[in-house]
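Hi,

Here is the structure I promised to pass on. Please open it first, then read my notes below.

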Amino acid sequence: MITSLEGLLEQHARAALRISGADQTAWSGQIVEAGEGILGLAHWDGTLHLDRACILEPLRDLYHRGGEPRTEAELVQYREALVTLLHEQSHFLGPAGASQEAARAAFTLPGSRALEEGVAELWAHDHLNDYIRELGIDKVAPGIDKVRSEPSYAAFVPAVRLFTDDLDRQAGLPPGETLRLLNRQTAEGQWPQAVALIYDSSRLPHLVPPDQAPAAQLHLEQALRGSFRGLELYEPFPRGFATSRSHAAGTRLLTALHKELTTAEHHHTPTPHPTQITLTPPTLPAAPGPATPSTPADSPHSALHHAFAGVAPPTSPSTSPPNAPPQHTSAATPARQLEP
Amino acid sequence: MESTEDRYARTQLLIADLRRRAEACEDPREKTNLSRSVDSLVRLAVALKP
């Protein structure tokens with residue numbers, strides 16, 4: 001039973017590791033009091049920076065008044081401190097062998113920050129009660145698992161929720177599983193993992209030649225990264241506005257993603273070779289005399305004339321049927337962001 | 001293509017802007033939302049730092 005802030009800080013990273021199912025944490029075991037207006041920061045050197053007033057003091061109070069009844073506002077304040085703690089620990093989680101150097105480099109790529117922050121915030125909120133029970137905090141502050149607190153990162157969270165929920169449905173995964181999988185990755189693995197889920201749950205693995213599969217996945221990843229990067233524009237705006245814009249962007253992104261997948265599937269679906277029609281004029285015998293009809297109704301060529309009546313010769317060489325989708329999505333096509 | 005140095009400088013400007021907005025905020029939820037974005041941008045700035 002944890003009875004102090006110090007005990008909590010000693011146990012909190014292992015609890016995050018347990019409930020996440022991740023292989024490792026990059027946390028060095030060091031906690032630093034944050035400066036410069038920072039609430040919580042998972043530093044690339046493995047140290048955890050926490051604000052005294054908003055994180056450390058409420059958590060000290062949590063144990064100082066252990067077992068006492070609290071107001072709802074106090075319980076919400078504890079939850080907000082704990083969710084920041086769990087969010088920051090989420091940044092340190094990764095698969096076996098993942099390095100902070102690689103994660104740091106990947107974090108600077110387009111769309112990485114929006115996905116990682118959205119995933120960490122959503123996962124931390126969705127699993128906060130598991131974390132609270134794992135650490136026995138529901139015994140220290142009764143009722144803490146019954147109150148609610150709102151996620152931050154309003155510019156990213158709604159779009160990431162729509163995106164991960166859609167991936168769950170497309171891949172036939174239990175609700176929340178995509179979020180759990182992405183949360184166990186560092187920035188290095190998050191986008192490749194998401195794209196692999198999308199790709200494998202489409203028909204593309206059965207249609208795209210194996211040597212073209214990496215290029216097709218890379219094209220998809222670049223397009224998605226571009227769309228997620230666009231979410232950063234909403235960060236400075238009030239939460240309500242950022243939330244609605246993020247939701248709208250997420251909806252557009254999914255529409256464009258499904259359209260892109262359908263187009264790619266059609267592009268790679270083998271189709272019957274189009275009928276080749278060659279309008280070679282029949283060789284007619286030389287007219288025996290002047291002014292005779294070229295194809296009288298009862299002539300052997302009459303049927304041919306009727307059969308081709310109204311058929312225009314092709315104006316340009318084409319190997320695609322008239323309704324074929326536009327031929328793009330190959331590796332040679334420059335990636336564009338999916339948000340229309 | 002924006003250089004890493006330019007991106008680092010732009011990130012620092014954005015951090016300063018969001019901090020100003022957070023300090024001026026009266027609504028605690030808005031303040032927290034902006035402050036958390038600052039945390040994330042500081043993490044990005046450290047990653048970009050030459």
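**Where the chains meet**

In this contact, 21 residues of chain A touch 20 residues of chain B. Please keep in mind that the model is predicted.

On the chain A side, three elements each supply at least two residues: β3, α4 (100–107) and α5 (112–126). Which of them gives the most? That is β3(A), with three residues. By class, the side of chain A that touches chain B has 10 nonpolar, five polar and six charged residues.

**The sheet that holds β3(A)**

The strand β3(A) also belongs to an open sheet of three strands. Their order is β2-β4-β3 (chain A), and the pairing is mixed. The edges are β2 (31–33) and β3 (40–42) of chain A, and each of these pairs on one side only. On average, and with direction ignored, neighbouring strands of this sheet are turned by 20° against each other.

How do β3(A) and β4(A) run relative to one another, parallel or antiparallel? They run antiparallel, and three bridges join β3(A) to β4 (residues 48–50) of chain A. Within this part of the chain, A:Leu41 stands opposite A:His49 in β4(A). As a reminder, strands of a sheet pair through backbone hydrogen bonds.

**Chain A as a whole**

Chain A has 14 helices and five strands. Of its 340 residues, 40% count as buried. Now take the contacts in chain A with a separation of 6 or more. Residues 24 or more positions apart account for 76% of them.

**The helix pair in chain B**

In chain B, look at helix α1 (residues 4–24) and helix α2 (residues 28–48). They pack at an angle of about 160°, with their axes 9 Å apart. Angles over 145 degrees count as roughly antiparallel, so α1(B) is roughly antiparallel to α2(B). The crossing of the two helices is left-handed.

Which residues make this contact? From α1(B), they include B:Tyr8, B:Leu14, B:Ile15 and B:Leu18, along with B:Arg7, B:Arg19 and B:Arg21. From α2(B), they include B:Leu34, B:Val38, B:Leu41, B:Val42 and B:Leu48, along with B:Lys31. By class, the contact of α1(B) with α2(B) has 12 nonpolar, five polar and four charged residues.

Best wishes

Notes. Residues numbered from 1 in each chain as written. Chains lettered and ligands numbered in written order. Predicted model: local features only at pLDDT ≥ 70, side-chain atom pairs only at ≥ 80, totals over all residues. Axes fitted to C-alpha atoms, helices over the stretch in contact; angles between N-to-C directions. Helix = DSSP H or I, 4+ residues; strand = E, 2+ residues; numbered from the N terminus. Parallel < 35°, antiparallel > 145°, perpendicular 65-115°, else oblique. Left-handed = near helix turned anticlockwise from the far one by under 90°. Contact = placed C-beta atoms within 7 Å. Nonpolar A, V, L, I, M, F, W, Y, C, P; charged D, E, K, R; others polar. Buried ≥ 20, exposed ≤ 12 C-beta atoms within 10 Å, placed from the backbone. Pairing = 2+ DSSP bridges.
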